[in-house]
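This briefing is meant to be read alongside the sequence and the coordinates. It takes up a few local features in turn.

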Amino acid sequence: PQYLWHTNRLSENGASILFADLNDDGEQNEVLFSGDKIYAFDSEGNLLWSSTGKVITAFDADNDGYINDLLVDVNGRIGVMDKYGNLIWSYPSGGWYDRKAVIGDFDNDGREDDIAFERHWWTNRHNDMIYVYKTDDGKHWTELWSKVTSPGGWPPVSQIEKGDVNRDGKTDICIRKGRSWNGKDALICYDGTNGDILFKASSTSQGYLKYPGYFLIIDWDEDGNDEIIVGTDGTISGWKFKNNEIGKEYSDNDAFWHSSGFSGNVRKMLPVDLDNDGKENEILVLTTRNEILAFNITSIVWKLSNTDMDEITDIQRGDIDNNGEDEIVLAGRKNNNAALIILNRKGDAIASYFPQLPAITSIGTLKDLNKNGIKELPISCNNGKSYIFSFAKCSIKFSDENKEAVMEWDEEIGLWEYKRKFSEAGNYNWEVSCWQIGYQPQTKTSTINIIKDIYPPGNVKNLHATYISDDEIIWEWENPDDEDFMYVMVYLNGKFVLNTTETSYHASKLEDNTQYTILLKSVDNANNINENAGKSTVTTLHFNAGLDIWDETDLRANNMIRKGTNNNVTFFAKYIDKSSKMPIENAECWISFTDGKFKMKYEKGVYKYTRKFSNEGYYTWNVTCSASGYDTRSKTNKITIYYWVWPSEREIYQDNLNPNTTIWRLMHRDTEGGGIEYYTSHCYSGDGSKMVIRYKWSIPLILNADGSYITQILKDLRTFGGGVLNKDGNVMYYVDYSEAQIYKIDLITLEKTQLTKNHCGVSESWRIRMGELNPSGTKIAYTLQGLDGICIVNTDGSYEKTYFYGDTQQFNSVDDYKLYLASSGKLLTLDEKNNIVKIEQFKKASHTAYHHDFIAGSEGGKVKVWYFNGTVKVFEGYGNGEYYVSDSLDYPLIVGTSYTWDSWCLPETCDWLANEGKGVTDCNIIRQHCNWHDVYKKCGKTFGNLSWIRIYDPNTDPPSWYNLADSLNSYTCGDHADTNAIFSPDGTKVAFNSDRRAPHIIRLRSPDKSIDCHLVDEEEWDRCDIHEENLHVAIVRKPDRPQGLTLSKTENGYLLKWQPGTHHKEIEKYNIYFSDNGIDYKKIAAVPKDTLSFLDRNCSGTCYYAVTAQEWSGLESEYSNEVSTSYTEDLNNDGIVNIFDLVIVAKRYGAKPTNPNWNSKFDLEKDNRIDEKDLLRVVERLRFIRRMRRKRHG
C-alpha cells in the first residue's frame, strides 16, 4: 500500500484517530488526531486547526444535522468543541477523566446530544462518580443525574457504553470497573433517564468477570433487545437485564452465555458480520496474547494464534476490496517496524504489508477519502506521526529516470494522474503499473513526444503604482496565466533589479521629484523571455523632510531574534531635514496601532517607542511626524509577533531574574510518573544535533536539538543505564545494567550489537555506569561505581581494559588520549591500545570538571580553576555545588549548582514541626517524614530558596553569575533543580532537568485559574499539579558568526566566501542575506555547514550581502561583516568603508569644480562641492558597518 499523506509529529508515542464532518458537506471525511493536542485535517492532509485537549467522539450537539461537534477532554476536564476547535462548554470542576465518556439521548428528547462521563482521582480521598448532562441548545449542558460508582475512588471506571438494556425503548448506560479488581461490581448498568441501577454483576476472583478488559452492548441473541458482552482474562460472557427486577446483583450463574478457550485478557472487541447475513451479530476479539478470535452466539467460529507480527496493537474491519464483505485489518509491529495483515471473514490472511515505518500504535475506521471507490486506513505510529494508507496504487516510470513515482487519484475526473516537466525535446517511453487488493496487477507502456518550446509567456496584467512618496514607489501587477510561466525579471530605469514570482515590487531609497520606469520581462520554464511584458513610469514626490521607520525585527536593528508575545519591541523613526540630512529634533512623532496612538520619544537622532503584544499575529503600525517649517510625513509598516512555542511545541520561558537568558522546556514527565534523568557526560551528539536522555529511570529517548522527538521510546531497553551518542547522533552506546553489558545500537535500523564480552571484569550488573566518548568517537570510558575504577571499550568492540586509578572520568575535548579521573585527581595519557603511558597527579577537589587545559571545582567554599600551567584562579560567588565547564569557549564558563538538602530545610519549618508536637528538628529526618502538603500550607512563600543553577561569566565588569533557574519564589518543599547540567558542544546552551516550570516555577493557580494554590485544602491539592519533572535548555549565548566574508566577481556571478566561527560544531547551515540598498535585507538561500561559499547569479547593480550561522537547534548567529559589489563611500577601492575613506574626504574638504584637486568621485552628494554632507555620508556608512559587526553577548 501507499500513504496518501502523513502528518508531522503529533505526540510522543502516537495519536488516537476519529472522523467528523467539519465542513458541513454531509460526509465525515475530516480527520482528527489526538496527540499532544487535537489536530484537525481535511481529507487531503491540510491542517485546519489545532487545539488543546483530546477528542473522545464527534456528535451533533446543536441539532444542525452535521456531525461537527466534538466531545473532548481538556486538561482533565470534559468539554465540547465546535467545528473550529473552540471550546464552547466544559464541566465546571476538576478531576481525571481519561476520556471515558459517551454521547446519547438520555433526556428522551429525540436528540443524541447528552453526555455521560466518569470523574475520579487516583486517590482514596475521593469518590468515583458518573455524571449525565443534558442540553437544550447545544451550547450549555446541565446535570441530569449523577451517581457514586466506587466509594473512596477505587476501582475507577474503565469503560462506558450505551444501549437499551431494560427494553423500554430508551437509552441506558453500562460501566465496567478497572482491571485491578477481584470482580466485585465489575459491571453496573444504569437507567439512562434517572440513574437507577438496573443491575450489578459481580464475580469471584476466578469467575467470568475477573479483571474485565472490554465490553460491548449489542443484540447478541437477535431477540430485539440489547445484551452486554464482557471480555475478561480468558473468558467471554453474556449478560442481560432479567425479569424487570431493578437493582438486582448478578453472579456468574446469571450469565446467559460464556465461552473460554483463549489466554490473556481482552484488549478490544468489535461487532462484525462474519456470515454475511447483513447483521453485525458476531464478535471479533483481540487478546493481550496476540490472539484473534471470532465468536457467534454458539461457539468460537475461528481462532488465529500465530501471525507474522511481534505484537498486534489494534484491529479494525471494513470492506477494503469492495466485494460486499468486510475484511479484518490487524495492525502492530514486527522488528519494531509497522506491520499490517488483512484477513477475510474466515480468518484467512489474504495480504500482509511491512512498510518501513515505526510500529503502529492505533488505526482508525476505513474511509474513502479521495473518492476513488477504495477505502483508506488511517494509522498512527510510535514516532508520533500519522499516515493515511490506501490499499490501491498506481506508479509511473519514465525512460529518462531510473526511479518509480507514485501517481495521485483525481477525484473530479476519476483517474490516476502524475505531472512532470521535461527539460529536453524528444521521445520518452513511460510505463504505468496499477494494483488493488483483490485484483491482479496490471502494467502498460506508452510513448510521448516532447517538442521544443519556442514561445515566450504572455504579458503581465494591470501593472500600476499603488504607493508613491518622495523616496519609495510600490508597483503591483498580475502574473501571466501561462501554464509554463516561471518568473518575472524586474528592471528599474534600465537596470536589472531581481527575479521574482511575486506580484509586486517595492522600490526604496529613491531620489525625490525624479522619474522612474519599471520594465517587466516574463520568463517560462524553457527560458523563453517576453522582453516587454509590462512597463510603467512614475515620478516621485518632493518633500523638504524625510522619514524612515523600522523595528527591532529588521536587520538594520542588528537583531536576529524574532519577537514573541509579551516581549518588549522597540519601534524607530528617523525624521530628517532632506537638505542637510540632519535629524529634526523638535518634532512630534506619533505611532499608531489598532489599539491606540502613542507619542514617540526622541533619543540621539531617532524617535523611539517600546511596547508589548499579548497576542500573536501580524500588526500594522504607522508613524506620522511633523514639525514647524517641514512637511508632515507618514509611513506604514508591519511586524509579525510569534507565539513563543519552540518546534517541539513545548513552552519557552524567559527567566525573570536574568532577562538575557531564555529557557526552553523541551519535555516533561507524563502522568505515569517516573521522571526524567540524563547524564552529565555527552548527552549531546558531537555535532549538537541530537540528545539522549533517560526516561522513566531506565528507557532511552532520543531528541532533536530543538526538543522534537526523532525516535520511538525503545521500550525493549528497559534496563538502560545511560547512553552516549556518536558525532551525528545516529549511533548510541549504552549500558544494560541488568547484564553489566555494553551495547551499540543503530538508531536508524535499531540493530543492536553487543560490545563487551567479559562484563568489564565486573560481576555486579549495576556497577557499570555513566560513559563518555572520546573526541573522535573511537573509545568509551565507563565508570565502575563503588570500585574506584573505569572500563575503556573501543566502539568497534575489539578491545577493552579496566583500570582502578579512580572513577568519574572525563575525556579531554581535543585529545583522544587524555583522560581525567575526578575522584582521584589523576590525568591518564593512553596509547592507541588503551595502555597507560603516563600518570599525572593534579588537584583533587570536590565536584571537579575537566577542561582541555584546566580543572574547575570548589575548595574552601569558593570556585577555583587549576590550570595545567600551574596558575590558579579563584572565582568569588558560590563555591558549594557541582561545576560543568564548556569545552568550546575561550573562557571557563561554569555552571554551579548549590544544591543541598539543608538549603530547603529552613529554621521556620523545623521550629514549626517541633512546636506542633512532631518533636523533630533534624532536617534529614524532616525530609523523610514531613507531610509536604501541611508544610506547604504553613510556610507558604517563605519556604524556598531551594537550589540554583548559575553561569559564571568572568568577562563582565565586575564578573557576574547569571541565574538560569532560580527558586526564590518556589512554594513546594521537594522541588529542586538537578545537578546534572551539560553544555552543548559549542557552549551556546546548558541542558538540565528540574521538577519545576522555570521561571514561573510553580503553578500559582490551577490550569483553569479557579484555584489559588497558595490556599488549597487537601481536596483540591492535586489540581495544582506542582510536581513535574522537566527537561530544560538554557540559552547562554548566540552561535559564533561567520568570519572573513569576501565577495569576488566571476564570469557566472558574484562569489561569496567565508570561514566558520571559532566554535562551529553545532552548525547545521549558513544563511545568505541579500539587500539592494544595504538596509532592507532578506534571506535568499541556505547552504550546508561544510559549504563555505555561495554564488549569486542574479546580482545586477549594487548588491549587499551578509551571512549567518544556524544551529541544528534553530539558534542563529548575528551577521558576518557586510560586503557589497560597490560602496560609493569606498573611496580607496579596498572593498570596505573605514576610517581611511573618511580621511580622503577630509583632505578635500571645501573643494569645488574650479579647484585644481577636484575629483567628482569624492563629491558623494553630487552638489558640486565637498563639505560636511559628504563627510556625513561616509560616517553614516561607517556607523552602519560597525553596527553590523558589533558582537553582542547573548
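What follows covers a nonpolar core, an open sheet, a helix and the disulfides of a predicted model.

**Nonpolar core**
- The largest nonpolar core has 23 residues, and among these Phe571, Tyr575, Ile591, Met600, Trp621 and Val623 touch the most other members.
- Two or more residues each are given to this core by strands E47 (545-551), E48 (569-577), E49 (588-593), E52 (606-611), E53 (617-626) and E54 (633-641).
- Once neighbours within four places in sequence are set aside, the contacts of Met600 include Phe571, Phe572 and Ala573, as well as Cys589, Trp590 and Ile591, and also Tyr607, Lys608, Tyr609 and Val623.

**Open sheet E27-E28-E29-E30**
- Four strands in the order E27-E28-E29-E30 make up an open sheet with antiparallel pairing.
- Because strand E27 (311-318) and strand E30 (349-353) each have a single partner strand, they stand at the edges, and one side of each is left without a neighbour in the sheet.
- Neighbouring strands of this sheet are turned by 20° against each other on average, with direction ignored.
- The antiparallel pairing of E27 with strand E28 (residues 327-334) runs over 7 bridges, and Gln316 stands opposite Val329 in E28.

**Helix H5**
- In helix H5 (residues 1139-1147) the buried residues are Asp1141, Ile1144 and Val1145.
- Viewed down the axis of H5, these buried residues fall within an arc of 95°, so they line one face of the helix.
- Phe1140 and Lys1147 are exposed residues carried by the face of H5 that is turned away from its buried side.

**Disulfides**
- The structure holds 4 disulfides, including the pairs described below.
- Cys174 and Cys189 form a disulfide with their sulfur atoms 2.1 Å apart, and the torsion about its S-S bond is about 105°, so the disulfide is right-handed.
- Since Cys174 lies in strand E15 (residues 172-177) and Cys189 in strand E16 (residues 187-190), this pair ties together parts that are 15 residues apart in sequence.
- Cys174 is buried, with a relative accessible area of 0%, and Cys189 is likewise buried at 0%.
- In the disulfide between Cys589 and Cys625 the sulfur atoms are 2.0 Å apart, and a torsion of about 120° about the S-S bond makes the disulfide right-handed.
- This pair links distant parts of the chain, with Cys589 in strand E49 and Cys625 in strand E53, 36 residues apart.
- Cys589 counts as buried at 1% relative accessibility, and Cys625 counts as buried at 0%.
- Cys1099 and Cys1103, both buried, form a disulfide with sulfur atoms 2.1 Å apart, and its S-S torsion is about 110°, so the disulfide is right-handed.

How values were computed
Residues numbered from 1 in each chain as written. Predicted model: local features only at pLDDT ≥ 70, side-chain atom pairs only at ≥ 80, totals over all residues. Heavy atoms only, no water. Core = buried A, V, L, I, M, F, W, Y, C linked by side-chain atoms within 4.5 Å. Buried < 20%, exposed > 50% of the residue type's maximum accessible area, 1.4 Å probe, protein only. Contact = heavy atoms within 4.5 Å. Pairing = 2+ DSSP bridges. Axes fitted to C-alpha atoms, helices over the stretch in contact; angles between N-to-C directions. Arc of directions from axis to C-beta. Disulfide = S-S within 2.5 Å.
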